[in-house]
Amino acid sequence: MSYRLNYDEIGLRVGLEIHQQLDTKTKLFCSCPTSLAEDPYKNAVIIERRLRVGKSELGEIDPAALFEFRRGRLYRYLASPSYSCLVELDEEPPHPVNREALVIALAIAKALRSNIVDEIYFMRKIVVDGSNTSGFQRTAIIGLGGYVETSQGIVRIQSIALEEDSARKIEEKDNIVTYSLDRLGIPLIEISTAPDIRSPEQAEETAFRIGVLMRLTGKVKRGLGTIRQDLNISIKNGAKIEIKGVQKLELISKIVELEAYRQYRLLQLKNILLEREVPREDISLDKLVDITDLFVNNKNKIARFIREILEKNGVALALPLKRFKGLLGFELGPNRRFGSELADHARAWGGVGGLIHSDELPKYGIDEEFLKEIFRRLSLSHEEDGFIIIIDEREKVLKAFEAVIKRIHQAFEGVPQETRAAQEDGTTRYMRPQPGSARMYPETDLIPVKVDEELLKEAEKYVPEPFEIKLRRFVEEHGLSKDLAYSLIRSRYIALYEELVRKYSPKISPQLIASTLINTLKALSSEGLDVSQLDEKDLEEIFRALSEDKFSKELIPDVLRVKIKERDKNVDEILRILSIKRISLEDLEKIIDEIISKSSEEIIKRREKAFNIIMGRVMESVRGKIDGKIVAEIVKRKILELLRSSGQ
Ligand SMILES: [Zn+2]
């Protein structure tokens with residue numbers, strides 16, 4: 001099923017926030033390395049902290065901070081001395097800002113035609129999830145304004161900031177969150193676009209364009225987790241929803257599509273609630289009915305997990321919902337209903353496993369008969385009404401219902417503003433309320449940095465060239481055809497191409513690299529192979545092996561074919577599967593001699609014209625084992641020798 005809508009009509013607006021790790025030698029405020037520990041527990045000192053909430057200067061409590069505080073979680077930090085020092089532990093003030101990071105950030109700002117600030121001031125931005133030991137993240141504006149071009153128009157850049165990455169979440173269990181400090185402090189560039197994006201595809205293209213531009217500086221990290229996108233999505237009469245933690249570019253258009261649909265459906269839901277004149281004031285905590293006894297009476301029917309909760313002092317409370325028939329099962333996306341949205345809130349605020357709603361019954365062993373009993377007890381009509389049941393310890397159930405009721409009330413208004421987390425399938429889940437404004441205050445441990453001529457000149461070295469110039473260089477210097485150069489520039493492989501040329505040319509020609517990345521992959525894809533299975537590391541591995549003469553270029557498609565199907569195999573293993581062994585020149589000459597002596601009459605008759613026939617026969621037995629050019633040279637030489645010695 002498609003969830004696409006007419007995006008002009010619903011007034012879709014999308015803004016992106018892209019976070020990219022910079023590939024510097026050391027962290028932003030200390031001299032720790034910018035790599036991640038393979039085993040974060042190894043040699044790690046473990047430090048535990050809890051989050052406390054304080055009022056801001058204006059006497060307000062931040063809603064997002066309060067949410068995290070109420071969860072009462074304990075934060076555990078793994079501090080390996082090889083990857084962190086006292087700065088990450090917030091036991092030592094930050095060292096002066098890393099100049100290399102500053103230079104790269106400036107280069108990226110220039111590439112996006114942003115107005116670079118005269119002086120860089122670091123600020124402290126409150127973080128509420130324990131991902132920074134200090135409770136704040138250091139961030140500084142580098143540039144304001146700028147733009148990126150997409151096929152659907154220009155998308156403006158709002159700001160470009162240099163900041164420190166947060167600690168890496170390792171696990172979350174029993175209200176204890178474990179973070180590794182290895183990632184904390186890695187320089188990160190944050191690019192925020194204006195809400196100029198008008199379609200799911202344009203959102204993905206914008207992220208892609210900005211990503212390529214950053215990659216082309218040659219100074220950003222690669223691989224999963226090194227680039228993370230947050231999306232701000234709204235539709236007309238909806239709300240600006242913040243979606244966090246999108247790691248895969250290919251997921252962006254799906255997420256935008258599904259979030260636009262969710263908001264659109266929530267607005268429809270609001271209209272239905274108003275049309276039906278659902279009595280809003282009746283939806284409250286004092287209307288909860290304890291139906292634990294009904295569950296105890298039906299003990300033999302109900303699902304085991306429910307029985308187990310009840311046996312451990314659990315209670316079953318029900319919230320009657322007049323005129324709600326069908327609305328809890330109201331679809332908001334793939335496998336997402338209004339009921340699932342409410343369940344997210346129950347889980348997040350109450351720590352319960354979930355909820356049961358009337359539109360999904362009969363289920364969990366609650367059969368028709370039991371269902372009727374519940375409707376009767378709640379004085380509700382089976383035909384018109386609905387209800388929600390939550391089963392757990394009483395205190396948790398009450399907390400969960402408080403959140404569920406609040407969320408139902410918000411449905412009468414439309415789309416509530418909140419922060420959501422991206423899921424693997426492109427759907428999103430409620431994460432927490434959106435933080436209030438004024439979460440920033442000056443970082444007093446760092447002195448401002450003047451952006452002088454010298455700094456700007458250094459940055460110039462990393463500013464990637466404009467696409468028009470790149471196109472010309474690919475044609476004139478690399479010898480690519482115009483078509484190939486153009487396809488390359490528009491492809492996802494442009495940055496990889498430049499890196500491969502830098503590393504392996506002239507040993508491997510730029511034409512071969514380009515045509516493999518564009519034409520060969522396209523051909524394999526039309527064979528029905530999923531070339532998206534190959535990541536850049538896979539492709540680079542293949543070119544490295546090629547540069548080491550492990551196989552010849554004719555064999556690239558075969559190697560790729562195996563790699564796509566068996567990604568865990570390295571090139572050596574693949575060559576073994578293809579039973580390819582390089583053949584020595586000596587052996588080659590022997591093979592050629594044999595074939596020529598068998599065909600000597602034919603050669604004498606056809607003279608030079610015999611070349612193609614002989615070449616074909618030789619290649620049949622040596623294809624992939626040695627470069628065709630070498631074979632051709634020897635074949636040619638041997639034919640001439642034969643003709644000469646035969647006195648012709
Ligand atoms: Zn450090």
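Predicted model: local features only at pLDDT ≥ 70, side-chain atom pairs only at ≥ 80, totals over all residues.

Trainee: OK, what about the inside? Which residues touch the most other members of the largest nonpolar core?

Mentor: That core has 87 residues, and the ones touching the most other members are A105, I108, I142 and L488. Helix 3 (residues 99–111) gives the most to this core, contributing 10 residues. Domain 1 (7–272) and domain 3 (465–577) each supply at least three residues to the core.

Trainee: And which residues does I108 touch, leaving out those up to four places away in sequence?

Mentor: With those left out, I108 touches I160, I189, M214 and T217. Apart from this core lies another one, of 42 residues, which includes L327, L328, L380 and I408.

Trainee: Switching to helix 2, which of its residues are buried?

Mentor: In helix 2 (residues 63–70) the buried residues are A64, A65 and F67. Looking down the axis of helix 2, you would find its buried residues within an arc of 160°, so they line one face of the helix.

Trainee: What do the buried residues of helix 2 pack against?

Mentor: They pack against strand 6 (122–126) and strand 22 (428–433). Just after helix 2 comes G72, which takes a positive phi of about 60°.

Trainee: Now the sheets: what is the strand order in the open sheet of four strands?

Mentor: The order is 2-3-11-10, and the pairing is mixed. Strand 2 (45–50) and strand 10 (168–173) are at the edges with a single partner strand each, so one side of each has no neighbour in the sheet. From one strand to the next, the twist averages 25°.

Trainee: How many bridges join strand 2 to strand 3?

Mentor: There are six bridges between strand 2 and strand 3 (residues 74–79), and these two strands run antiparallel. If you want a particular pair to look for, find R49, which stands opposite Y75 in strand 3.

Trainee: And what holds strands together in general?

Mentor: Strands of a sheet pair through backbone hydrogen bonds, and the pairing can be either parallel or antiparallel.

Conventions. Residues numbered from 1 in each chain as written. Core = buried A, V, L, I, M, F, W, Y, C linked by C-beta atoms within 7 Å. Buried ≥ 20, exposed ≤ 12 C-beta atoms within 10 Å, placed from the backbone. Domains from an automatic or database assignment. Contact = placed C-beta atoms within 7 Å. Arc of directions from axis to C-beta. Pairing = 2+ DSSP bridges. Axes fitted to C-alpha atoms, helices over the stretch in contact; angles between N-to-C directions.
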